[in-house]
Amino acid sequence: MVTEAEQRQRDLTAWAGSVPDPELPVVTLAELGVVREVRETAPGGRVEVELTPTYTGCPAIETMATDIERALREHGVPEVTVRTVLAPPWSTDDITPEGRRKLAASGIAPPRGGAAPGHGPVPLTLAIRCPNCGSAETSLISRFSSTACKALRRCESCREPFDHFKEL
Amino acid sequence: MTRSDARAPYGAGPLDSPLLPLADDALVLSHRLGEWAGHAPVLEEELALANIALDLLGHARALYSELGDEDELAYLREERAFRNCQLVEQANGDFARTMIRQLFFSAYQELLYTQLAALGHPLATKAVKECEYHRDHAEHWTLRLGDGTEESHARAQRATDSLWRFTGELFLPLGPGGPGGTPELDGPDLVGAVDWDALRRSWTDRVTGVLDAATLTVPTTEQHGAWAAGAGRQGLHTEPFGRMLAEMQHLHRSHPGASW
């Protein structure tokens with residue numbers, strides 16, 4: 001039995017989380033794991049949202065905040081405040097399985113799991129598979145790609161370059 | 001004029017926080033790296049340097065927001081009120097010089113932020129993983145340039161030799177007793193709890209290891225100039241900084257409150 005308050009909470013969370021990422025519109029903010037909390041201050045009143053950036057300097061964070069506000073207002077929320085929080089830091093492990101699947105389907109190799117802090121980009125040895133042909137024979141072109149969260153790689157089998165959502 | 005007289009006059013407030021030097025380091029280096037836009041040797045590096053600059057700008061903004069109004073702190077302070085180390089304000093020079101500067105600074109920032117993260121500072125906790133990527137990038141380029149052609153080796157060695165004298169300043173304690181803060185104003189004294197000797201040892205191990213592997217000679221010269229030890233942390237800067245600051249602040253000062 002779901003109470004009215006619980007249902008309201010679920011709706012608000014779903015509405016805020018359904019906003020597509022401005023730079024990777026194939027995934028939603030919920031799938032990316034950046035919406036930390038959605039809280040209604042009083043029934044039918046102001047809604048507070050806590051949002052965390054993927055990278056500290058992520059320029060998309062302001063667009064995300066504006067988009068969340070618009071989405072909630074469209075569902076009749078009278079007032080929305082979006083606050084950016086840094087702690088605990090976002091990790092690529094926060095991306096949902098569905099988010100990973102959608103990234104791969106759009107040609108972006110998803111991050112490998114278990115991105116433990118303090119163990120850096122270097123010691124990781126799991127192969128990164130080409131999202132186009134599935135080959136594990138891929139090599140790094142650049143650690144930084146079109147956005148801070150991606151690296152640029154090339155497939156040695158099909159020769160296609162592709163983005164890799166790098167572990168953080 | 002004695003060293004303590006040389007310190008820029010300032011009152012209580014954000015300018016006394018030991019976090020300010022860290023914010024200034026990040027902002028100034030971010031601006032320097034941004035100067036590569038349109039000039040980097042290959043497109044991939046253009047993106048890499050812009051991405052690193054963006055991370056650093058994020059660090060600076062988060063730290064300034066803890067201290068006060070970020071625009072005011074970034075755009076409306078005079079040169080003498082900036083507490084960044086002199087290393088980060090040095091002109092980009094050639095690509096090798098930028099990469100050696102990156103190596104020296106990113107190794108320092110990662111080690112310092114690792115300590116601050118262990119003490120519970122939220123920005124440091126968030127930023128330390130980004131710093132790892134910056135350091136990794138600089139290390140790969142140092143190896144490639146140092147152990148590359150005769151020309152790239154010579155340029156990397158020249159950069160190492162000329163920037164070495166700015167590295168001693170990195171290990172001057174910030175916080176109580178250090179040039180960046182005063183005991184009564186430090187508040188929750190995270191920065192004061194940093195083990196600066198350990199930081200220096202780890203940095204030296206890391207950096208000399210990379211220079212060795214890159215077939216570069218580790219300088220045996222002093223890690224500070226005769227006149228400049230710790231001067232950036234006290235608000236004294238080298239000649240290129242004034243020009244950089246003028247360019248960085250010009251738009252904001254010419255059009256106060258402008259938005260687009």
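Helix α3 (61–74) and strand β3 (80–84) of chain A, together with α2 of chain B, each supply at least two residues of the lining of the second largest pocket. Helices (H or I, at least four residues) and strands (E, at least two) are DSSP runs, numbered from the N terminus. The model is predicted: local features need pLDDT of at least 70, side-chain atom pairs count only at pLDDT 80 or more, and totals for chains, interfaces and linings use all residues. Residues are numbered from 1 along each chain as its sequence is written, chains are lettered from A and ligands numbered from 1 in the order in which they are written, and side-chain values use heavy atoms, with hydrogens and water left out.

**Second largest pocket**

- Its volume is about 470 Å³. A pocket is found on a 1 Å grid over the protein atoms alone, as an open set of points where a 1.4 Å probe fits, with protein on both sides within 12 Å along at least five of seven lines. Grid points are joined across faces, edges and corners, and the volume is the space filled by probe spheres set on the points.
- The second largest pocket is lined by 18 residues; a lining residue has an atom within 4 Å of a point.
- Nearest the centre of this pocket lie T56(A), C58(A), I61(A), E62(A) and R61(B).
- α2(B) gives the most to this lining, with six residues.
- By class, the lining has 10 nonpolar, five polar and three charged residues. Ala, Val, Leu, Ile, Met, Phe, Trp, Tyr, Cys and Pro count as nonpolar, Asp, Glu, Lys and Arg as charged, and the others, Gly among them, as polar.

**Largest pocket**

- The largest pocket has a volume of about 690 Å³.
- It has 23 lining residues, and D71(B), Y75(B), M248(B), H252(B) and W260(B) are the closest to its centre.
- Two or more lining residues come from each of α1 (19–34), α2 (43–67), α3 (70–75) and α9 (239–254) of chain B.
- α2(B) makes the largest share of this lining, seven residues.
- The lining of the largest pocket holds 13 nonpolar, six polar and four charged residues.

**Interface of chains A and B**

- Contact (heavy atoms within 4.5 Å) joins 24 residues of chain B to 30 residues of chain A.
- The size of an interface is often given as the accessible area lost when the parts come together.
- The two chains bury about 2300 Å² between them, 65% of it on carbon and sulfur atoms. Buried area is the accessible area (1.4 Å probe) that two parts lose on being put together, summed over both.
- K126(B), K129(B) and Y133(B) supply 36% of the area that chain B buries against chain A, more than any other three residues.
- Two salt bridges run between chain B and chain A. A salt bridge is a side-chain nitrogen of Lys or Arg within 4 Å of a carboxyl oxygen of Asp or Glu.
- R143(A) forms a salt bridge with D136(B), with the closest N and O atoms 2.7 Å apart.
- On the side of chain B that touches chain A, α2 and α6 (122–146) each supply at least two residues. The largest share, 13 residues, comes from α6(B).
- That side of chain B has nine nonpolar, seven polar and eight charged residues.

**Salt bridges overall**

- The structure holds 26 salt bridges over all chains.
- K102(A) forms a salt bridge with E31(A), the closest N and O atoms being 2.7 Å apart. This pair links distant parts of the chain, 71 residues apart: K102(A) is in helix α4 (residues 97–105) and E31(A) in helix α2 (residues 29–32) of chain A.

**Backbone features**

- The peptide bond from A87(A) to P88(A) is cis, with omega near -10°. P88(A) lies in the loop between β3 and α4 of chain A.
- R159(A), not a glycine, has a positive phi of about 70°. R159(A) sits in the loop between β6 (150–155) and β7 (161–165) of chain A.
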